[in-house]
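Thanks for coming, everyone. Let me put the sequence and the structure up, and then we'll walk through them together.

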Amino acid sequence: MASDSSSSEGFLTTRVDTVVNWARSNSLMPLPMGLSCCAIEMMAFAAPKYDVARFGSEAMRFSPRQADLMIVAGWVSYKMAHTIRRVWDQMADPKWCIAMGACASTGGMHRCYGVVQGCDNFLPVDVYIPGCPPRPEALIHALMDIQENVRNEYSVAQDGHFGKEMPAAAAARPRVLSSGGADVISPEGLYHQQ
Ligand code: SF4
């Protein structure tokens, strides 16, 4: 944005993308997918001490239709993964995703048959937060990273990205196989499911 002081009336010049991105980045509405202990730190992130209202994201929403930022906090079982993906699909575009903590990002200490080894096997994660558990400050930092991404988005590029590149990116993610070698979760299949 720029203002011109040479005019007595004064005026402002900008681009639609800049205004839309400014508004979006300062009003991200998280959907808290709290699955285990990391969720406690996520609650602190919205509480008075850390006060995420400073970033416009204090309005946590439990309906996918009213949220645009999914925060996966905790380990994800295979059974739960399908539900999380369904909720994600019900969120309107544009939307973003944070994998909070070692478990959501990689499965963490839960190297077992029942836990998905990272929620990026079935979700397009934008920011990963290391730690067990990460501090609320780390979640605020991740939120600021998402805000930075949003401010640098361009509507035309975004249409191209979601329209063409996303399935290829999903296909490049590692598959999760059962001990028998069958696909348990195929990121590409999940992306295309109706
Ligand atoms: S990363 Fe640590 S605190 Fe977070 S869900 Fe896993 S075990 Fe719990």
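How many helices and how many strands does the chain have? Seven helices and eight strands. One caution before we go on: this is a predicted model.

Now the overall picture. The chain has 194 residues, and 30% of them count as buried. Take the contacts with a separation of 6 or more. Residues 24 or more positions apart account for 74% of those.

Let's go inside. The largest nonpolar core has 39 residues. Val-72, Ile-98, Met-100 and Ala-104 have the most contacts inside it. Strands 3, 4, 5 and 6 each supply at least two residues. So do helices 2, 3, 4 and 5.

I want to zoom in on strand 5, residues 96-100. Is it mostly covered or mostly open? Mostly covered: five of its five residues are buried. Look at where they point. Trp-96, Ile-98 and Met-100 go one way, while Cys-97 and Ala-99 go the other. Here is the general rule: in a regular strand, side chains alternate between the two faces of the sheet. In strand 5, the residues pointing either way are buried.

Stay with Ile-98 for a moment. Which residues does it touch, leaving aside neighbours within four places in sequence? The contacts are Leu-69, Ile-71, Asp-126, Val-127, Ile-129, Ala-142 and Ile-146.

Next, the partners of strand 5. On to strand 4: it runs parallel to strand 5, and five bridges join the two. Leu-69 stands opposite Trp-96 of strand 5. Then strand 6: it also pairs with strand 5 in the parallel sense, over three bridges. There, Ile-129 of strand 6 is the bridge partner of Met-100.

How does the chain get from strand to strand? Strand 4, helix 3 and strand 5 form a right-handed β-α-β unit. Strand 5, helix 4 and strand 6 form a right-handed β-α-β unit too.

Keep helix 4 in mind, and turn to the ligand. Which element gives the largest share of the shell around it? Helix 4, residues 101-106, with three residues. The residues around the ligand include Gly-101, Ala-102 and Cys-103. Also among them are Cys-37, Cys-38, Trp-75, Cys-132 and Pro-133. By class, the shell has seven nonpolar residues, four polar ones and no charged ones.

To close, one thing to take away. Thanks, that's me done.

How values were computed
Residues numbered from 1 in each chain as written. Predicted model: local features only at pLDDT ≥ 70, side-chain atom pairs only at ≥ 80, totals over all residues. Near = placed C-beta within 6 Å. Helix = DSSP H or I, 4+ residues; strand = E, 2+ residues; numbered from the N terminus. Nonpolar A, V, L, I, M, F, W, Y, C, P; charged D, E, K, R; others polar. Core = buried A, V, L, I, M, F, W, Y, C linked by C-beta atoms within 7 Å. Buried ≥ 20, exposed ≤ 12 C-beta atoms within 10 Å, placed from the backbone. Contact = placed C-beta atoms within 7 Å. Pairing = 2+ DSSP bridges. Right-handed = clockwise from strand over helix to strand, strands pointing away.
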